[in-house]
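This report sets out the overall form of one protein chain and then turns to selected parts of it. Please read it beside the sequence and the model.

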Amino acid sequence: MDYEAFFESQLDALREEGNYRVFANLERQVGDFPRATRRTGQRQHDVTVWCSNDYLGMGQHPKVRAAMIEAIETCGAGAGGTRNISGTNVHHVALEEELADLHGKESALLFTSGYVSNWAALSTLGAKLPNAVILSDALNHASMIEGMRHSKADRRIWKHNDVEDLRRHLSELDPDRPKIVAFESVYSMDGDIAPIKEICDVADEFGAMTYLDEVHAVGLYGPRGGGVAEREGLMDRVTLIEGTLGKAFGVMGGYVAASSALCDFIRSFASGFIFTTSLPPSVAAGACASIQHLKTSDDERLGQRRAVARLRKRLDDMGIPHLPNPSHIVPVMVKDPVKCKMISDILLDDYGIYVQPINYPTVPKGTERLRFTPSPLHTDEDIEHLVKALHDLWSRCALSRVAA
């Protein structure tokens with residue numbers, strides 16, 4: 001087989017479909033989020049970042065930066081190995097305590113990313129619970145899906161956010177079988193929010209565990225940033241809460257929070273925890289500082305909500321189609337992969353606006369979009385510049401027919 005020819009043919013097909021991804025070479029400007037410097041060859045120019053998952057700009061916060069610098073000066077750069085052998089550090093222990101407190105749980109367990117925490121936790125639970133069945137929301141993240149597949153447990157897919165369909169599936173199962181209902185709070189592409197209470201009610205009725213991914217909600221919702229479950233007073237109803245440190249908390253890493261026995265079970269059996277080097281102490285220290293700050297400060301959350309509301313209003317004023325939802329995610333619908341990529345390129349090259357196109361397989365074909373994530377640090381001037389640029393391009397590209 002001509003391996004190189006095969007690789008090239010597959011890449012060419014992606015390019016023809018408009019789904020080939022091109023990375024922008026950006027250097028974030030410390031203390032000046034959402035500004036970044038774009039480098040192209042020998043040229044460089046400033047851009048405004050509109051698609052970051054650093055939703056509150058905490059990756060640039062002075063407290064977070066100071067905590068990371070101090071940890072490097074006291075502990076050095078790396079963790080030294082896996083948690084089991086040589087990689088557990090005082091900063092890991094402190095961070096897990098902060099996370100358990102954040103979610104009102106007995107314990108928490110750190111992973112190297114949110115992807116890994118979902119993959120490891122779901123694959124371990126599905127594999128180890130005897131004759132388990134996992135009931136998965138139809139729009140669950142790829143990391144959850146991969147964890148379920150790897151577990152080899154039976155899986156049932158219920159219609160997105162449809163509690164009655166979930167009930168139907170649960171009612172068809174043996175009452176004595178272990179059951180895990182896996183879902184997200186905020187769905188990152190459409191920005192809709194799960195009916196957590198109703199899902200928990202049905203899960204309790206049929207004796208199922210609940211597994212809630214709060215990746216796109218932690219730091220942003222609830223009086224202390226514990227997520228949608230905290231905002232709605234439901235954290236005690238959820239068996240396990242999974243989250244990330246790489247979005248609103250501004251650094252990197254993932255975690256689960258649950259009972260002491262459940263976290264210890266995952267710690268003891270999950271290959272994705274056992275066999276990988278742990279987070280650097282500096283990252284854990286920065287995450288701890290970020291969580292502590294957001295537990296007591298609502299300024300960032302309120303500022304973000306103002307920016308989101310402002311952007312939605314101005315898009316409506318200009319007739320730019322965007323999906324209505326109750327979250328902080330603003331998807332502007334293009335519904336064509338080639339035009340989506342073209343608009344993204346023009347925004348970056350001509351207007352200094354950085355937003356990545358969201359195409360298949362991240363979203364279904366025909367639902368391509370630009371996904372904007374306003375932060376408390378985007379100014380009214382930033383919003384006006386963005387909306388006027390989109391209005392210009394909507395007219396230039398004749399997108400009203402495509403996006404309607």
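Is His103 buried or exposed? At 0% relative accessibility, His103 counts as buried, where buried means under 20% relative accessible area and exposed over 50%, with partly exposed in between (1.4 Å probe, protein chains only).

The model is predicted: local features need pLDDT of at least 70 and side-chain atom pairs count only at pLDDT 80 or more, while totals for chains, interfaces and linings use all residues. Residues are numbered from 1 along each chain as its sequence is written, and side-chain values use heavy atoms, with hydrogens and water left out.

**Overall form**

The protein chain has 15 helices and 14 strands; these are DSSP runs numbered from the N terminus, with helices (H or I) of at least four residues and strands (E) of at least two. Its radius of gyration is 22 Å, close to the 22 Å that the globule rule gives for 404 residues, so the protein chain is as compact as a globular protein of that length. The radius is taken over C-alpha atoms, and the rule is 2.2 Å times the number of residues to the power 0.38. Along its principal axes, the C-alpha trace spans about 60 × 55 × 55 Å. Of the 404 residues, 54% are buried. Contact means heavy atoms within 4.5 Å; among contacts between residues at least 6 apart in sequence, 71% join residues at least 24 apart.

**An open sheet**

Four strands form an open sheet in the order E1-E2-E3-E12, with mixed pairing; two strands pair if DSSP finds at least two bridges between them. Strands E1 (26-28) and E12 (353-354) stand at the edges with a single partner strand each, so one side of each is left without a neighbour in the sheet. Strand E2 (residues 35-40) runs antiparallel to strand E3 (residues 43-49), and 6 bridges join them. The bridge partner of Arg39 in E3 is Gln44.

| Residue | Helix | Relative accessible area |
|---|---|---|
| His103 | H3 (residues 90-103) | 0% |
| Glu300 | H12 (residues 299-318) | 12% |

Not counting residues up to four places away in sequence, His103 touches Val218, Gly226, Met235, Ile241, Tyr255 and Ala257. Glu300 is also buried. With neighbours within four places set aside, Glu300 is in contact with Leu56, Met58, His61, His293, Leu294 and Pro376. Glu300 and Leu56 are 244 residues apart along the chain, and their C-alpha atoms are separated by 6.1 Å.
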